[in-house]
Amino acid sequence: MLSFLKEHKFKFIGYGLLLIIGIIFPIVSPNRYYLTVATLGFIYAIAVYGLNLIVGYLGQLSLAQAGFFGLGAYTSGLLMLKLDLNFWLALPLAAIITTILAVLVGLISFRTKGHYFVILTLCIGVIINLVIEKWDSLTGGVRGLIGIPLPNPIGPLEFKTLESQYYLVFVFLLITIYVMNRISSSLLGRTFRSIRNSEDLASTLGINVMYNKLLGFAIAAFFTGIAGALYASYIRFLGPEISTHHLTFEFLLFLLIGGQATVAGPLVGTLIASVITESLQFAQEYRMVIFGLMLILIVRFFPGGAVGEARKLKVKVTDFYNRRKAGNYPSGPGAGSSKGKLGVPSKGESHVTKN
Amino acid sequence: MLLKTEHLTKNFGGLTALNKVDFEINEGELVAIIGPNGAGKSTFFNVISGFYRPSSGTIKFMGKEITNLETHNFARLGIGRTFQTTHLFTDSTVLDNLIIGYRSKTKMGFFDAIFYSPRSRREENMCREKAEEILDFIGLLEFKNYPVANISQEAAKRLAIGLALVTEPRLLLLDEPAAGINHGETTNLANLIKKIQQSGITVCLIEHKMKMVMNLAEKIMVLNYGTKIAEGTPKEVSENERVIEAYLGGVEHA
Ligand SMILES: Nc1ncnc2c1ncn2[C@@H]1O[C@H](COP(=O)(O)OP(=O)(O)OP(=O)(O)O)[C@@H](O)[C@H]1O
Ligand SMILES: [Mg+2]
């Protein structure tokens with residue numbers, strides 16, 4: 001047990017910090033504005049976790065993400081407004097409906113690969129956006145959907161104050177992170193990553209690539225749908241712009257800043273990006289230019305994102321100490337660069353014949 | 001009979017890479033496929049491992065027709081393979097490569113993962129144990145925590161074989177396992193292949209290194225321009241007129 005704790009100490013420290021900071025933030029937050037930024041950031045982070053599963057773990061660059069976010073938001077909003085459904089019914093229904101649509105979309109789009117998949121999912125995102133915008137009688141079109149109710153109280157728990165809404169979203173974020181962490185550290189996560197690494201090799205090993213892509217897509221859509229539903233009852237107004245590709249690209253940026261295929265990445269990236277966005281308010285419409293520049297720099301120089309690069313650094317440092325302990329760290333810079341490649345020379349030969 | 005192909009044909013546009021090939025592999029055999037470059041050897045592997053669909057003809061495995069199954073089902077039925085260019089999961093460690101190789105033998109799904117069910121724990125242990133067993137078998141156990149990018153080419157080749165072995169195949173297809181490694185390493189590899197056969201796995205091998213083929217194989221099929229031009233024991237094949245012709249007087253025998 002102790003060794004388990006030791007091995008995962010960064011993880012436990014991470015979770016501890018998240019929990020403590022997350023809980024005390026509303027108490028110490030200097031103003032209420034920060035609280036709204038954090039709440040919205042958490043909602044976006046949940047959607048980015050969904051995207052991470054598809055883009056990060058499965059390696060499929062899906063650009064329909066905001067479409068699913070909008071679908072979840074509108075479904076929940078409409079169910080509450082038009083059918084008077086309770087939030088606690090509307091939210092899971094929105095998530096399930098988003099999931100079902102995603103599976104249908106996946107069945108079509110996973111027949112393609114590479115650029116074709118990217119373009120196809122971009123188109124699907126655009127179609128969802130157009131349906132939302134043009135189906136005036138249902139969605140209110142460009143005028144949007146106004147007056148979506150707050151989440152219904154659970155017993156004595158009400159969600160009228162900013163603080164309570166913040167905590168509600170925070171709980172959903174924690175659930176999302178827990179699920180993503182479980183996926184990531186299980187055989188399922190390994191399966192997804194193997195598909196990202198090489199579909200050909202994965203299928204040769206007996207892994208059903210199509211099924212696993214669909215499964216990942218469905219899980220991702222489920223959480224994105226939840227994020228949408230939370231957004232609907234938090235902002236209480238929906239316009240078709242929440243389903244445009246602009247938002248998809250922002251999600252993608254958040255993911256790249258934080259680090260794809262990591263459990264902490266989506267949250268870290270979304271929070272960093274939210275802080276930057278707030279401090280760039282003065283730049284107005286030039287914000288996207290700055291973001292664009294950041295995207296180029298990240299992809300070019302820090303492909304692992306904040307979390308990925310930190311992890312690489314950690315590996316390097318441990319490797320350095322291990323080699324120093326073992327006494328075979330090359331002394332000078334560049335010394336024995338070929339030796340640095342840990343080969344299996346004649347040493348391995350005895351093994352084959354030995355057994 | 002373990003595997004049987006009938007009139008197996010594969011066209012790439014106008015090119016017939018494989019032309020009506022009839023071939024049988026019996027359980028427990030060690031067979032080899034030889035032929036000049038571009039003869040269709042790899043294509044034959046790609047078709048019988050479900051990687052490509054044949055243009056026509058049938059494949060039977062353990063008496064059942066499997067011609068139109070999806071790729072992953074070939075592996076599940078017991079056909080394991082390596083690729084001519086070493087294919088590994090380059091992002092991960094030696095051990096992690098083999099762990100995922102055992103995934104098709106496990107059943108845990110999404111809910112097992114999120115609730116950390118007993119089944120998911122049991123299967124994760126199973127995968128780890130199987131991976132270590134194979135690492136021991138291929139002689140890479142002490143390198144288990146190395147990133148794949150940091151092991152030598154020869155080790156990578158053995159790992160690729162290990163990756164095929166971890167799926168517990170009945171039939172193992174090895175595409176030029178000895179390409180690009182030196183003489184001593186080739187001997188080791190031949191020993192490993194022999195050991196695989198002795199453990200009860202049927203092996204089919206594509207190889208240009210004639211000495212190795214002649215020593216190992218019990219039966220050889222020779223392909224040329226996608227057509228089977230000869231089949232028989234190493235001795236029969238090496239004395240076959242058409243084979244000698246195809247190899248331009250047998251320069252490659254040296
Ligand atoms: N995916 C493909 N698309 C088009 N042509 C292909 C494809 N794969 C193989 N070919 C062609 O089919 C023919 C047979 O190729 P194959 O790779 O099977 O030869 P080989 O016997 O394995 O040769 P080598 O000894 O060089 O590996 C070649 O002419 C090759 O160019
Ligand atoms: Mg070949």
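This is a predicted model: local features need pLDDT of at least 70, side-chain atom pairs count only at pLDDT 80 or more; totals for chains, interfaces and linings use all residues.
Which helix or strand supplies the largest share of the shell around ligand 1? The legends below come to this after an overall view.

View 1. Residues are numbered from 1 along each chain as its sequence is written, while chains are lettered from A and ligands numbered from 1 in the order in which they are written. Chain A has 16 helices and two strands, where helices (H or I, at least four residues) and strands (E, at least two) are DSSP runs numbered from the N terminus.

**View 2. The open sheet of chain B.** Six strands with mixed pairing follow the order S6-S7-S8-S3-S9-S10, and two strands pair if DSSP finds at least two bridges between them. Strand S6 (79–81) and strand S10 (227–232) of chain B are the edge strands, each pairing on one side only.

**View 3. Strands S3 and S8 of chain B.** Strand S3 (residues 30–34) and strand S8 (residues 202–206) of chain B run parallel and are joined by four bridges. In S8(B), B:Ile206 is the bridge partner of B:Ile33.

**View 4. The shell around ligand 1.** The residues around the ligand, near in the sense that the C-beta atom, placed from the backbone, lies within 6 Å, include B:Phe12, B:Lys41 and B:Gln84. Strand S2 (15–25) and helix H1 (41–48) of chain B each supply at least two residues of this shell, and H1(B) gives the largest share, three residues.
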